[in-house]
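Dear colleague,

Here is the structure I said I would pass on. My notes follow it.

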Amino acid sequence: MARVFNFNPGPAAMPEPVLQRAKSELLEMSGLGISVMNISHRSGEFQNIIDSAEAGIRDLLSVPQEYAVLFLQGSASLQFAMIPMNLRRPGKSADYVESGRFSQKALKEAQTTGKANVVWSGKEEDYTRIPEPAELRLDPDAEYLHICSNETVGGIRWNRFPEIAAPLIADMSSEILSRVIDVTRFGLIYAGAQKNLGPSGIALVIIRQDLVEREHAGIPIFLRYSTHIRERSLYNTPNTWAIYMLKLTCEWLQSRGGLKEMQRINEEKAALLYQTIDSSGFWRSPVDKNSRSIMNVVWRLPSVSLEERFLEEAKEAGMVGLKGHRSVGGIRASIYNAVTLEAVKTLVSFMKEFERKNG
Ligand SMILES: *Cc1c(COP(=O)(O)O)cnc(C)c1O
């Protein structure tokens, strides 16, 4: 079977040149004679790989020296637990914006180990928009404010980040490296790898190092950021393959002109889809215009049966992964960095043809 256009939400599309390179090195990596999966994580060769991965992230995002760059296991979901454990001191509270499925999961995890305030919730509005900064009921004593910068299920994202006194913490799983951001605005940024960074199984964590002073003795050693900072992500045997793939992904992004260029392409891709959705009453975007994601574009058709037909025919036409999340239904195109402009153009022409036949 030929390769199809992949709009899966995650694990998701990876750049074809990255897959080709990994394929060519799978059995024998040059200079090793064996696969990268079959060498020690303590070897000089692997150290070079993880160093390059870190350098790639630092370069692409302009990460200052006072921040550590970590590759951890447990993906984004373990960060939901590690963040409150490490950064909210005993007896203190933390602020959470509840803007959709993933920020809700982060909030629930934080509530299991201490006090977490909901400073704004979009639940009543079915998570269709991001709040204005003035709407946040911040607690001046909160240890940090947690947001999900791009809600993968709802298809909404923060265009501008709130300016606050406490450290801002962001789950960027579904948009990391898709646009230019100012890392210094954040205390901690984290992202599961399987959307924009590589295969599943690791999380990227960028943490301002002074924050680890909040740690206390009750935290298991493995779950302390200080452990992984000290051991440079090699405290235990990490997912070496995923780190290698992330390194290749960074090199691909650098060869494409970095984040500025990637953002330009991503905005163009998203605009094509939103223009099509807005062009007629056949399609409907449930999302507030100012909150629209450029990574996960969601929309509805006039009926559920038409949505089912749309998905079926799209699949026949070589486009997969377009089904909305099971909790909300509808259509969702996840157009991460690796999803090409060509893929989006193909989807848009398919939509126009589908509307002509069914509208
Ligand atoms: C996918 C996703 C997660 C969950 O990642 P896991 O790898 O399943 O832990 C968390 N947050 C966001 C925003 C996501 O898109």
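**Ligand site and domains**

Helix α3 (residues 75-87) gives the shell around the ligand its largest share, four residues; helices here are DSSP runs of H or I, at least four residues, numbered from the N terminus. The model is predicted, so local features need pLDDT of at least 70 and side-chain atom pairs pLDDT 80 or more, while totals for chains, interfaces and linings use all residues. Residues are numbered from 1 along each chain as its sequence is written, and side-chain values use heavy atoms, without hydrogens and water.

In total, 13 residues surround the ligand, and the closest are Ser75, Ser77, Thr152, Asp171 and Lys195 (near means a heavy atom within 4 Å). By class, the shell has four nonpolar, seven polar and two charged residues, with Gly counted as polar.

Polar contacts are pairs of N or O atoms within 3.5 Å. Oxygen atoms of the ligand lie 2.6 Å from a side-chain N or O atom of Ser77, 2.7 Å from a polar side-chain atom of Gln194 and 3.4 Å from a backbone N or O atom of Ala76. The protein covers 86% of the 390 Å² of accessible area that the ligand has on its own (Shrake-Rupley method, 1.4 Å probe).

The domain assignment, automatic or from a database, gives domain 1 (17-255) and domain 2 (258-358). Their centres, taken over C-alpha atoms, are 27 Å apart.

Between them the domains bury about 2,100 Å², 54% of it on carbon and sulfur atoms; buried area is the accessible area (1.4 Å probe) lost on being put together, summed over both parts. On the domain 1 side, Val153, Arg157 and Ser178 lose the most area to domain 2, together 23% of what that side buries.

Regards

Terms used: Polar contact = N/O pair within 3.5 Å; in protein donor to acceptor, adjacent residues only side chain to side chain. Helix = DSSP H or I, 4+ residues; strand = E, 2+ residues; numbered from the N terminus. Buried area = accessible area lost by both parts, 1.4 Å probe.
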